[in-house]
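Hi,

Here is the structure I promised to pass on. Have a look at it first, then read my notes below.

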Amino acid sequence: MKKLSRLCKPSVVLLFQIALAVLVPALAEAAATASRPNIILLIADDMAWDNCGAYGHKTVRTPNIDKLASEGMRFTRAFLTASSCSPSRSSMITGRYPHSTGAQQLHWPLPPDQITFVELLKKAGYWTAAAGKWHLGEAVKDRFDLVIEANPAGFRLGHAPGQPAPLTDASGKSGAGQWVSTLQTRPKGKPFFLWLAAFDPHRDYEEGIIPNPHRPEDVVVPPYLPDVPETRKDLALYYDEITRLDRYVGEVLAELDRQGERDNTLVLFISDNGRPFPRAKTTLYDSGIKAPWIARWPKHIKPGSVSNSLVSSVDIAHTFLEVASLKVGPSFQGKSIVPILENPKAVIRETVFAEHHWHDFDDHGRSARSDRYKYIRNYYPDVPGTPPADAVRSLTFQAMRRLRDAGKLSPPQLACFLKPRPEEELYDTESDPHELRNLASDPRHGAVLNQLRKALTEWQRTTNDRLPESRTPDEFDRETGRPLPTRSFERRPPGSK
């Protein structure tokens, strides 16, 4: 027995050592995973940066978004890489510029070879879910543990002759109806990431969707739109959808409180592009690419803080990975904004870039923006800056057609009809925030023009941005917004299956 005991002791020690070698790293990894913060990305659909109380609007009712800003950080110079729904979202999820994703045109799906930050979070132990508007294609749905897609009929506009009309989902027109239930579904004991995307305030609009609708007299009409009853009614209905969205934002925040996850959750609220009105959505003006951007992360972000630093939606993926203490691979083209979350005055970039591709209508443009100046390069100046097809069909645009024909529109209001357009545009956004005075031909701004022109050229070189080999034809009538007979309802990029 003594001999057997002497033989067993080393074996026991060895087994104990092996167990420690296996269990300690596993326990450490489990502890690290459990301590990682949760992340929620809230995405509005077609909401302008300044159409909420947090950004100074006096009449749009957004108490929950405003509260989020008071508890976190509000960014005043946050920009999108595209003012078009699906390209903008594809850029966010991959951390790449739209032309680098292979999904740069509206409705093009993300290719399966694209790396997103979501699968990296999932691999690190995060439970990942998406609820609401999807618009990213089928290939990357497997990056999430759960995808609850709202009915896409709300943004697939019209149908070609001979094709059946798309189904509508009367019970979920906001696209946000499953946000809270998705949060309630999460498994306990694991960090989570939620991609919560609304349809609000995307067109088409309906009356009576909130108990106390906004009135036409509540509306603030930007100078590039005519101040007529049709515009005011249209904008009031748009405001109503923002208020409906705000309610769902509040419900998500309240559910975080109920679950005791408020302090350990980074919440980022943004929009995918500007308001769906002429000279806004699908343009490279600030009205199209400047975004509401509010971040709350208790114990990490000072409540009520404001940052004037430049940030881009291409930075979101890198930021989330750093927050989760994960390595960022070479495919990600953005930068982390974590330094700004810690210090609102931190600077991570001097210039932000954006691009415009086909969106209902043929077009191609690029922009570079510094703290103060905006440079736009129009590659297809032979076509006008027609707004999206749903905006063409709107009360506002149809009133603008009537006023145009009567000679009653100002030069800024005629911009979406102008043909040819200038090949280059330059704006001083401090003295001219609505970008109404093109300074590209003013010799006093020649140095700024050359500086931004060079910055754009260098960005195009480093990201391999090139003109497409062929142009994509319009799929709607530019005056009425009606589908053309040649429209392809399910568009796909060349060579895709």
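A salt bridge here is a side-chain nitrogen of Lys or Arg within 4 Å of a carboxyl oxygen of Asp or Glu. Keep in mind that this is a predicted model. Searching the whole structure gives 43 salt bridges.

Now for a sheet I liked. It is open, has four strands in the order β11-β12-β13-β14, and the pairing is antiparallel. β11 (352-356) and β14 are the edge strands with a single partner each, so one side of each has no neighbour in the sheet. From one strand to the next, the twist averages 15 degrees. Helix α13 (residues 446-462) packs on this sheet and touches β11, β12, β13 and β14, with its direction at about 60 degrees to that of β13.

Looking at the pairs, β12 (residues 365-369) and β13 share five bridges, with R366 partnered by R377 in β13. Five bridges also join β13 (residues 373-378) to β14, and there I376 has E425 as its partner.

How much of β14 (residues 424-428) is buried? Four of its five residues are. D428 is buried too, because its relative accessible area is 6% and buried means under 20%. D428 also forms a salt bridge with R372, the closest N and O atoms being 2.8 Å apart. The two are 56 residues apart, with D428 in strand β14 and R372 in the loop between β12 and β13. R372 forms a salt bridge with E430 as well, at 3.7 Å between the closest N and O atoms.

Cheers

How values were computed:
Residues numbered from 1 in each chain as written. Predicted model: local features only at pLDDT ≥ 70, side-chain atom pairs only at ≥ 80, totals over all residues. Heavy atoms only, no water. Buried < 20%, exposed > 50% of the residue type's maximum accessible area, 1.4 Å probe, protein only. Pairing = 2+ DSSP bridges. Axes fitted to C-alpha atoms, helices over the stretch in contact; angles between N-to-C directions. Contact = heavy atoms within 4.5 Å.
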